[in-house]
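Here are my notes on the model you sent.

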Amino acid sequence: MPMIGQSIKRREDLKYVTGSGTYVDDITLPGMLYAAFVRSPHAHARLLGVDTTKALEHPKGIDAITGAEAYPLAGPMPVYSYREAAVIKKPDYRCLAHDRVRFVGEPVALVAAADRYAAEDVAELVEVEYEPLEPLMNPDESIKPDSPKLHDNLDNNVGLRIERRGGDMEAAYREADFVFKRRYRMHRHTGTPIETRGCIAQYNTGTQELTLHCSTQIPHILKTHLSEILDFPEFKIRVIAPDVGGGFGNKLQVPPEVVALCLLAIKTRRPVKWIETRRESLMAFLHAREQTHDVEIPMKRDGTILGIKSHEIVNAGGYLDARISGPSLGAGMWLPGPYMVKGFHVDIDAVMTNKCPYGAYRGFGSQMGALVIERSLDLIARELSRDPVDLRKQNVIKETPYKCVTGHEFDSGDYMAGLDKALEMVDYGALRAEQARLREEGRYMGIGVAMAVEGAGWNTYTAAMAQHYVPTLDYATVTMRMDTSGNVKVLIGDVACGTSHATTAAQVAADAIGLPIDTIEVVEGDTAVTPYDSGTRAARFSAVVLPAVAESGMALKKKVCRVGAHLLEGAEEDMEIVEGQVQVRGVPGKSLPVSRVARVAYSEVATLPHEIPAGLEATESFKAPMSGLCITWPYSIHIPVVEVDIETGTVKFLRYAIVHDCGVEVNPMVVEGQVVGGTAQGVGGTLLEEMVYDEDGQLLTTSFMDYLIPTATDMPSFDVCHLQTAAPQIPGGYKGMGEGGCVYAYAAVVNAVADAIEPLGVEITSTPLSPSRILELLREARG
Amino acid sequence: MIPRAFEYFDPATLEEAVGLLEQHGEDAKLMAGGQSLLPMMKLRMVSPAVVVDLWRLPELDYIRRDDGVVRVGAMATHYALHSSPLIRTTLPALADAARVVGDPLVRNLGTIGGSAAHAAYNADYPAVLVALNAELLAVGPDGKRSIPAVDFFTDTFTTCLEPTEIVTDILIPVPGSGARSAYLKLSRRGTDFAIVGVAAALTEGEGGHCADARVVLTGVGDVPVRVTEAEEILQAGPLDAERMAEAGEAAKRNLDPPSDVQADAQYRVDVSGVYVRRAVAAAWQRS
């Protein structure tokens with residue numbers, strides 16, 4: 001029975017549910033020191049002096065490093081240039097602040113102490129002198145030509161400008177009967193992995209090797225970047241990502257803290273452990289999402305969408321994170337949604353402010369693009385007195401493949417059929433009747449519809465213009481190593497962070513080789529043993545890595561069959577492997593266990609002909625074809641049904657229907673887990689989570705008491721329908737899918753809440769939809 | 001999330017505990033479950049030199065009825081309270097409150113005495129204790145004294161306790177016939193502190209009237225806020241939906257609640273009216 005398509009139980013769960021996983025903080029190395037950061041209490045200040053004298057007088061204070069000391073030892077943090085970025089000027093972003101501090105929580109110094117408690121005490125003794133400066137919190141202000149500059153080496157506060165054009169926008173305006181205009185604002189929030197950042201850096205004087213145990217999604221890429229930043233030979237750096245308790249794209253970061261930690265490990269010649277506290281994590285790990293869009297949509301009176309144009313402003317924070325162009329483009333390039341438009345035009349400004357730097361988070365900006373188009377469709381439908389579903393049906397792409405004006409070629413799927421299925425799941429017609437009935441009772445039920453094409457397997461960057469190393473995500477290399485007993489290790493340069501790789505990669509490998517899954521084990525995360533890989537990101541595992549697993553498995557199978565053919569005295573091309581037996585196809589009884597073949601390949605090499613090499617190992621790569629920014633195009637339709645309590649502004653879910661198509665599913669249970677988990681995160685981001693700064697630039701949400709992540713009690717039960725339209729360009733037909741739930745939920749939930757209270761004269765164009773905000777909108781509508 | 005160094009004591013007797021407080025004065029903090037104290041210590045918001053843990057004092061962990069009074073030990077956990085048949089039947093508002101404090105982990109360790117003495121402006125118990133006319137017993141170097149709940153809370157995170165005093169018992173009169181109560185809380189998520197919480201203690205009189213009403217809010221001031229104007233409205237005629245709504249509107253007057261990241265002051269005022277109405281209705285429906 002083929003393993004692909006089976007909802008087998010996750011092979012990694014025994015470890016997780018019995019508490020026998022190993023996270024960075026579970027690792028203790030001999031002679032290890034504990035580190036703590038001194039962080040800026042100011043949003044914006046000149047750094048006049050950092051004095052570690054008193055700190056090092058503490059009996060347990062061992063060593064420290066300041067920005068001034070680090071400056072000549074570590075180069076700037078990387079920023080990836082997008083090939084069509086019109087402007088990208090890099091702020092001088094260092095691992096520790098050296099001239100000014102530019103956000104609350106920015107690392108200023110790092111201390112090492114004999115234990116974790118002492119580290120915190122020692123850090124408190126570091127004396128830092130600041131001259132506070134006026135903070136710039138609002139990008140609309142910061143972008144103005146006369147605004148004070150946050151970085152001396154920039155011409156102004158625009159850190160990145162991208163202009164993208166597609167199709168014929170002029171024709172779209174020319175043919176338009178009217179132009180729909182709105183300003184949308186999405187609030188700042190981020191992924192908050194339950195395991196915060198953490199790292200142990202260790203320098204071996206004898207071998208001159210730097211070893212990191214680090215909670216990261218990108219062990220290989222981190223290694224390359226550290227080599228560049230520290231001017232340290234790459235082959236002398238080893239990064240080990242042990243179990244990782246959540247990543248969500250945040251852990252694609254090359255953390256400045258880790259660079260500083262490496263410097264301190266080299267300085268002290270001892271292993272140094274840093275485990276981020278939740279407060280640090282909320283202040284200084286990457287934030288995401290905060291954007292505004294000034295949108296114009298030229299429309300025909302008959303409901304035809306002709307084009308979409310937006311000026312997108314991203315609040316980039318105090319420095320540019322490496323991936324700043326990704327989520328910026330992710331929003332802009334997703335503006336047309338799954339709809340046929342003639343013209344597309346987006347101008348993106350990522351603007352420097354005194355907030356935490358802005359980075360990657362599940363969905364990579366595309367939820368903002370989805371919100372803009374999906375919210376606009378609802379508002380246009382109202383203007384035209386049309387049903388919002390009807391307007392979508394008129395404009396949705398009817399046939400795939402479809403070449404979008406953005407340059408993306410949507411690969412496969414039937415968006416209309418998906419929408420119809422979702423409408424059927426909620427019984428849309430009856431639901432609208434129920435809504436009308438409830439409104440008469442003074443109850444406000446809302447139905448939100450959102451549909452989107454998710455890009456999976458992004459490859460936003462290109463090395464062509466970069467000053468730094470730039471990872472490319474469109475290929476993967478996998479090694480299969482069979483041992484002397486016939487068991488197989490699958491070596492992958494990724495990291496599982498709740499992403500079920502140990503299960504799905506084993507399923508694909510089992511089918512490719514013809515072995516029982518129990519004899520296959522997946523190994524990830526250690527750069528010393530796995531092939532180079534761009535990491536767990538961009539929903540690329542299914543679309544890029546799994547085909548490489550299959551290729552590598554087939555190559556290994558070929559080698560096994562070759563030895564088997566010799567032993568069974570058959571032709572190599574007649575061999576097959578079934579349930580762990582090498583056999584001659586069609587000749588029952590003429591077979592050998594794979595374990596026997598393995599034994600021969602390793603220990604009876606002399607009995608093999610000269611042209612058959614010893615050992616059983618294969619390494620193969622898969623290079624995925626790109627279409628625009630992405631590799632595959634899964635899609636989904638979300639229909640949440642909510643009731644808004646108009647006295648308190650609280651939102652209750654009555655239903656939540658999801659239709660999801662990510663091509664061939666290796667493990668439907670895993671797919672459903674990702675869909676539901678992503679949707680829950682999206683719902684949380686829409687209703688609960690917000691990074692709130694006051695006007696002085698102090699972050700007010702520095703604990704989980706104030707920054708509210710959703711809990712089980714806040715979630716509806718989700719009905720998920722799986723469609724499986726194979727990706728034609730990917731062997732196996734898989735598409736990536738990890739980010740989508742988080743993308744569509746945002747637009748869908750906003751639309752549902754808006755639909756509920758729209759009869760009361762409320763128009764929603766910004767988030768979050770906290771109860772307080774909903775009541776405020778209702779108050780404003782009442783006048 | 002890393003506290004400063006502190007010295008830890010877990011005395012075996014109350015006398016010993018009081019002695020430790022006398023010895024260390026303001027440097028000492030009592031721990032009665034630790035569900036607020038420990039997070040504050042981990043965030044270095046407070047850094048007591050000495051922590052005196054009351055967990056070993058079994059005489060403080062009980063729930064029982066003595067004649068006309070329900071007596072609760074200060075170390076009774078939230079879980080013990082909301083699962084107690086005595087509390088559920090005689091003091092439903094208290095059971096309601098105990099059921100919505102924090103999450104199950106907090107409810108298993110946190111205690112009523114700890115929560116009351118912590119006196120957070122948005123905690124659940126203070127409003128209920130005032131509404132139910134509770135008295136708190138405290139022991140100190142000069143012996144025991146009894147403090148009415150209404151006098152106990154003096155400011156947010158502040159009570160009338162001396163640094164050397166320990167809350168030992170909470171006494172609540174068993175309500176007479178026709179009495180009913182409820183506590184209703186509005187929070188962002190199930191596990192959060194109250195944006196607004198309302199404790200309503202009502203006594204049914206003749207002909208569908210409410211003979212006595214005590215309605216107290218949490219989350220809208222430094223101390224529990226009793227809305228007497230609303231109470232008067234509730235008692236002024238037959239208690240129907242209209243009267244409840246009127247009382248809700250009255251409760252909103254003269255409130256001066258705080259703003260925070262979860263809700264601004266105006267929101268708290270608006271939902272106070274709604275929650276007073278709903279809490280009264282919830283209590284009134286109980287028989």
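1. Chain B has 287 residues, and a compact globule of that length would have a radius of gyration near 19 Å; the chain has 19 Å, so the two agree. The model is a predicted one. Along the principal axes, the C-alpha atoms of chain B occupy a box of roughly 60 × 45 × 30 Å.

2. The secondary structure of chain B consists of twelve helices and 14 strands. Among contacts in chain B with a separation of 6 or more, 62% join residues 24 or more positions apart.

3. Buried residues make up 54% of the 287 in chain B. The chain exposes about 11900 Å², and 50% of this comes from carbon and sulfur atoms.

4. Chain B carries 26 positive and 38 negative charges.

5. Over all chains, the structure contains ten aromatic pairs. One of them is formed by Tyr93(A) and Tyr319(A), which are stacked at 4.5 Å centre to centre with 15 degrees between the planes. Tyr93(A) sits in the loop between strand E4 (85–88) and strand E5 (100–101) of chain A, and Tyr319(A) in the loop between strand E15 (307–317) and helix H10 (325–332), so the pair ties together parts 226 residues apart in sequence.

6. Are these two tyrosines, Tyr93(A) and Tyr319(A), buried or exposed? Both are buried. Ring pairs also bring in Phe103(A), giving a cluster of Tyr93(A), Phe103(A) and Tyr319(A).

Methods: Residues are numbered from 1 along each chain as its sequence is written. Chains are lettered from A and ligands numbered from 1 in the order in which they are written. This is a predicted model: local features need pLDDT of at least 70, side-chain atom pairs count only at pLDDT 80 or more; totals for chains, interfaces and linings use all residues. Side-chain values use heavy atoms; hydrogens and water are left out. Helices (H or I, at least four residues) and strands (E, at least two) are DSSP runs, numbered from the N terminus. The radius of gyration is taken over C-alpha atoms; the globule rule is 2.2 Å times the number of residues to the power 0.38. Buried means under 20% relative accessible area, exposed over 50%, partly exposed in between (1.4 Å probe, protein chains only). Contact means heavy atoms within 4.5 Å. Accessible areas come from the Shrake-Rupley method with a 1.4 Å probe; for residues, only the protein chains shown count as cover. Lys and Arg count as positive and Asp and Glu as negative; His and the chain ends are not counted. The place of a charge is taken as NZ of Lys, CZ of Arg, CG of Asp or CD of Glu. Rings of Phe, Tyr and Trp (its six-membered ring) pair if their centres lie within 6.5 Å; planes under 30 degrees apart count as stacked, over 60 as edge-to-face and the rest as tilted.
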